[in-house]
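Welcome, and thank you for taking a look at this structure.

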Amino acid sequence: MIPVPSGVRVWIAAGHTDMRRGMNGLSLLVQQGLGRDPFAGDLYVFRGRRGDLIKCLWHDGLGLSLYAKRLERGRFVWPATAGESVAITPAQLGYLLEGIDWRHPQQTWRPSRAG
């Protein structure tokens with residue numbers, strides 16, 4: 001899990017992204033494609049065409065970090081929107097990174113009584 005402070009805004013880049021891009025290519029995409037400052041402290045999440053690979057770009061004030069995660073089974077849940085980016089909370093990012101549907105997380109079953 002990425003240690004994201006609570007005040008960080010998380011943005012999902014809608015659609016799919018060429019996963020061959022590195023830090024420079026993704027930060028240029030944030031700047032030109034999304035119209036945002038990649039060095040402002042926000043975290044940006046990109047997904048590949050197949051849906052099993054995501055990359056997270058984040059500037060923490062000291063430097064730019066690039067995180068990648070690939071699911072062995074399944075796909076990351078991605079918004080179906082015509083917009084360029086979708087804001088989510090750091091908690092929803094945690095669900096996303098675990099492969100859980102961050103839009104409607106399901107609480108696991110708990111017993112109602114001990115005996």
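Is G63 buried, partly exposed or exposed? With a relative accessible area of 24%, G63 is partly exposed, because buried would require under 20%. This residue sits in the loop between strand 3 (53-59) and strand 4 (64-70). Please keep in mind that you are looking at a predicted model. The chain has two helices and five strands, and the points below take you through them by topic.

**Confidence and overall make-up**

- The mean pLDDT of the chain is 86, and 90% of its residues score at least 70.
- Among the elements, strand 2 (residues 43-47) has the highest confidence, with a mean of 95, while helix 2 (residues 90-97) has the lowest, with a mean of 86.
- The chain has 115 residues, and 39% of them are buried.
- Of the contacts with a separation of 6 or more, 59% are made by residues 24 or more positions apart.

- The five strands form an open sheet in the order 4-3-2-1-5, and their pairing is mixed.
- Strand 4 and strand 5 each have a single partner strand, so these two stand at the edges, and one side of each has no neighbour in the sheet.
- From one strand to the next, the twist averages 25°.
- As a general point, the strands of a sheet pair through backbone hydrogen bonds, in either a parallel or an antiparallel way.
- Strand 1 (residues 10-13) and strand 5 run antiparallel and are joined by four bridges; W11 has A87 of strand 5 as its bridge partner.
- Strand 2 and strand 3 are also antiparallel, with five bridges between them, and Y44 stands opposite L57 in strand 3.
- Strand 3 and strand 4 run antiparallel too, joined by seven bridges; here W58 has S65 of strand 4 as its bridge partner.
- The hairpin of strand 3 and strand 4 has four residues between the strands, and G61 takes a positive phi near 105° in this hairpin.
- Strand 5 (residues 85-88) has two faces: V86 and I88 are on the covered one, and S85 and A87 are on the uncovered one.

**Helix 1**

- Which residues of helix 1 (residues 23-33) are buried? They are L26, S27 and V30.
- These three lie on the same side of helix 1, because they cover an arc of only 100° around the axis.
- The buried residues of helix 1 pack against strand 2, strand 3 and strand 4.
- On the face turned away from the buried side, helix 1 carries the exposed residues N24 and Q32.
- After helix 1 comes G35, with a positive phi near 70°.

**Helix 2**

- Y95 belongs to helix 2 and is partly exposed, with a relative accessible area of 34%.
- The C-alpha atoms of Y95 and V77 are separated by 9.7 Å, and these residues are 18 residues apart along the chain.

**The nonpolar cores**

- In soluble globular proteins, nonpolar side chains tend to be buried together.
- The largest nonpolar core in this model has 19 residues, and I12, L43, V45, I88, L93 and L96 have the most contacts inside it.
- Strand 1, strand 2, strand 3, strand 5 and helix 2 each give two or more residues to this core.
- A second, separate core has 10 residues, including M19, L26, V30 and L57.
- What does L93 touch, leaving out residues up to four places away in sequence? Its contacts are V4, V10, L43, V45 and I88.

Terms used:
Residues are numbered from 1 along each chain as its sequence is written. This is a predicted model: local features need pLDDT of at least 70, side-chain atom pairs count only at pLDDT 80 or more; totals for chains, interfaces and linings use all residues. Side-chain values use heavy atoms; hydrogens and water are left out. pLDDT is the predictor's confidence in each residue, from 0 to 100. Buried means under 20% relative accessible area, exposed over 50%, partly exposed in between (1.4 Å probe, protein chains only). Two strands pair if DSSP finds at least two bridges between them. The arc is that of the directions from the helix axis to the C-beta atoms. Contact means heavy atoms within 4.5 Å. Axes are lines fitted to C-alpha atoms, for helices over the stretch in contact, and angles run from 0 to 180 degrees between N-to-C directions. A nonpolar core is a set of buried Ala, Val, Leu, Ile, Met, Phe, Trp, Tyr and Cys residues joined through side-chain atoms within 4.5 Å.
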